[in-house]
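These are my notebook entries on one protein chain.

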Amino acid sequence: MFWFLLITMVVVVAAVTLAVVGGGDSEVLPEVAPEQLVDPLPVARPVDRADVEALRLPVAVRGYRMADVDDVLVRLGAELAERDSRIAELEEALAGASTGDGEDDRS
């Protein structure tokens, strides 16, 4: 009886191991294509707050895909630099206009 139980247990463990591992050349699960970023950032207009809040980056095995994150950060950095330069231009124009108005009142 002991030998029967021992052989049965070895057969069951071997069957479960083969079922879990896959037991040969055939794959248990097919390879999944990596997620790709579908760029929801608009191309035809500047990015606004709602666009950034709606942005969802695809997840890879060890976190986020570095190339996708870099692309988004480069795009956002360029837009922020453009807005900063536009704000600086407008502030200079406003400072020039207010300086010009003050001189007219004194004359």
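Entry 1, helix α1. I began with α1, which has 20 residues and reaches 28 Å from its first C-alpha to its last. That span is close to the 28 Å expected at 1.5 Å a residue. I bear in mind that the model is a predicted one.

I then asked how many residues of α1 are buried. The number is zero out of 20, so I noted that α1 lies largely in the open.

I looked up I7, which is found in helix α1, residues 2-21. Is I7 buried or exposed? Its relative accessibility is 54%, and I counted I7 as exposed because the cut-off for that class is over 50%.

I7 is also one of the residues that make a nonpolar surface patch of about 660 Å². The patch is made by F2, W3, L6, I7, V10 and V11. I recorded a general rule beside this list: an α-helix has 3.6 residues a turn, so residues three or four places apart point the same way.

Entry 3, the whole chain. I found three helices and two strands in the chain. Read from the N terminus on, the elements run α-α-β-β-α.

I next looked up what share of the chain is buried. Buried residues make up 10% of the 107 residues. The accessible surface of the chain comes to about 9,300 Å², and 64% of this surface belongs to carbon and sulfur atoms.

I located Q36 in the loop between α1 and α2, where α2 covers 49-54. Which residues does Q36 touch, not counting residues up to four places away in sequence? They are P58 and R65. I also looked up Q36 and D68, which are 32 residues apart along the chain. Their C-alpha atoms are separated by 8.1 Å.

I turned to E79, found in helix α3, residues 66-106. Its relative accessibility is 14%, so E79 counts as buried.

Leaving aside neighbours within four places in sequence, I found E79 in contact with R45, P46 and V47. For V47 I noted a further detail: its backbone nitrogen lies 2.9 Å from a polar atom of the side chain of E79.

Terms used
Residues are numbered from 1 along each chain as its sequence is written. This is a predicted model: local features need pLDDT of at least 70, side-chain atom pairs count only at pLDDT 80 or more; totals for chains, interfaces and linings use all residues. Side-chain values use heavy atoms; hydrogens and water are left out. Patches are made of residues with over 30% relative accessible area and no salt bridge: like charges are joined within 9 Å, nonpolar side chains (Val, Leu, Ile, Met, Phe, Trp, Tyr) within 5 Å. Accessible areas come from the Shrake-Rupley method with a 1.4 Å probe; for residues, only the protein chains shown count as cover. A salt bridge is a side-chain nitrogen of Lys or Arg within 4 Å of a carboxyl oxygen of Asp or Glu. Helices (H or I, at least four residues) and strands (E, at least two) are DSSP runs, numbered from the N terminus. Buried means under 20% relative accessible area, exposed over 50%, partly exposed in between (1.4 Å probe, protein chains only). The expected span of a helix is 1.5 Å times one less than its number of residues. Contact means heavy atoms within 4.5 Å. A polar contact is a pair of N or O atoms within 3.5 Å; within protein, one must be able to donate a hydrogen and the other to accept it, and residues adjacent in sequence count only if both atoms are side-chain atoms.
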